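Biologist: I would like to learn how to read a few features of a protein model. Can we go through them one at a time?

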Amino acid sequence: MLDVGCGAGRHALYLQGTGLKVIGLELSSRAAAIARARGVREVRVASACEPLEFPRAAFDTVLLFGNNFGLCGTVPATARLLRELARVTKRHARIVATTRPPYHSAKGREVARFRLTYRGQHSKNAAVLLLTPQALAELAAENGWSVAEIFLGEEGYAVVLEKSDRATHGSA
């Protein structure tokens, strides 16, 4: 299992405790160090928005929790992420993700931009892509995935994507 944007490892630790092999992927070296210190056995520091350094068909499940579905910040970058996840997952793989719908958007998508300040230090500008469930389903379908289930909540939603037959060509 691949936990993309694993942060301090909350989900990875739980899943490891059930006997699953989990690899955490985290952009922040500090967060990755915390995840390791908390007991996550394997955490790699890398951007999910770049080509992933995993072999073809390495995973059967990918987690994108904490609004991480839109972590690449734009529709084209999220499409590349979905195609890359199709490459590194097995034939009947699933993505389990959480996100929020856009606040207001005629197209069903919006980019939320923010900059964090901590102890007087400013982060780089960051962006998160927010999609309606319908826009997410369309983007997923265009990039090798189909929606199996959507769970609507008060502030966001969770989605289970299944690898489509189109994406499985050449996968194990």
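Predicted model: local features only at pLDDT ≥ 70, side-chain atom pairs only at ≥ 80, totals over all residues.

Biologist: Let us start with the cysteines. How many disulfides does the structure hold?

Modeller: A disulfide is a covalent bond between the sulfur atoms of two cysteines. The structure holds one. The bond joins Cys49 to Cys72, with an S to S distance of 2.2 Å.

Biologist: What is the handedness of the link between Cys49 and Cys72?

Modeller: Left-handed, with -105° about the S-S bond.

Biologist: Which parts of the chain does the pair tie together?

Modeller: Cys49 lies in the loop between strand 3 (42-45) and strand 4 (59-64). Cys72 lies in the loop between strand 4 and helix 3 (75-87). The two parts are therefore tied together across 23 residues of sequence.

Biologist: Is Cys72 buried or exposed?

Modeller: Cys72 counts as buried, because its relative accessibility is 14% and the cut-off for buried is under 20%. Cys49 is partly exposed at 27%. Cys6 is buried as well, at 6% relative accessibility.

Biologist: Now the charged side chains. How many salt bridges does the structure hold?

Modeller: Four. Let us look at some of them. Arg94 and Glu162 meet at 2.5 Å, N to O. Arg94 sits in strand 5 (residues 89-99) and Glu162 in strand 11 (residues 157-163), so this bridge ties together parts 68 residues apart in sequence.

Biologist: How accessible are Arg94 and Glu162?

Modeller: Arg94 is partly exposed, with a relative accessible area of 36%. Glu162 is partly exposed too, at 28%.

Biologist: Where do Arg100 and Glu155 lie in the chain?

Modeller: Their side chains form a salt bridge at 3.2 Å, N to O. This pair also links distant parts of the chain, 55 residues apart. Arg100 is in the loop between strand 5 and strand 6 (109-114). Glu155 is in the loop between strand 10 (145-152) and strand 11. Arg100 counts as partly exposed at 27%, while Glu155 counts as exposed at 57%.

Biologist: What about Glu42 and Arg44?

Modeller: Their side chains meet in a salt bridge of 2.9 Å, N to O. Glu42 is partly exposed at 25%. Arg44 is partly exposed at 31%.

Biologist: On to the rings. How many aromatic pairs are there?

Modeller: One. The rings belong to Phe54 and Phe59, and their centres are 5.0 Å apart. Their planes stand at 85°, so the pair is edge-to-face. Both Phe54 and Phe59 are buried.

Biologist: Last, helix 2. Which of its residues are buried?

Modeller: First the general idea. An α-helix has 3.6 residues a turn, so residues three or four places apart point the same way. In helix 2 (residues 29-38), the buried residues are Ala31, Ala32 and Ala35. They sit on the same side of helix 2, because they cover an arc of only 100° around the axis.

Biologist: What covers the buried residues of helix 2, and what is exposed on the other side?

Modeller: The cover includes strand 2 (23-26) and strand 3. On the other side, Arg30 and Ala37 are exposed.

Biologist: Which residue takes a positive phi just after helix 2?

Modeller: Gly39, with a phi of about 120°.

Key. Residues numbered from 1 in each chain as written. Heavy atoms only, no water. Buried < 20%, exposed > 50% of the residue type's maximum accessible area, 1.4 Å probe, protein only. Helix = DSSP H or I, 4+ residues; strand = E, 2+ residues; numbered from the N terminus. Disulfide = S-S within 2.5 Å. Phe/Tyr/Trp six-rings, centres within 6.5 Å; stacked < 30°, edge-to-face > 60°. Arc of directions from axis to C-beta. Contact = heavy atoms within 4.5 Å.
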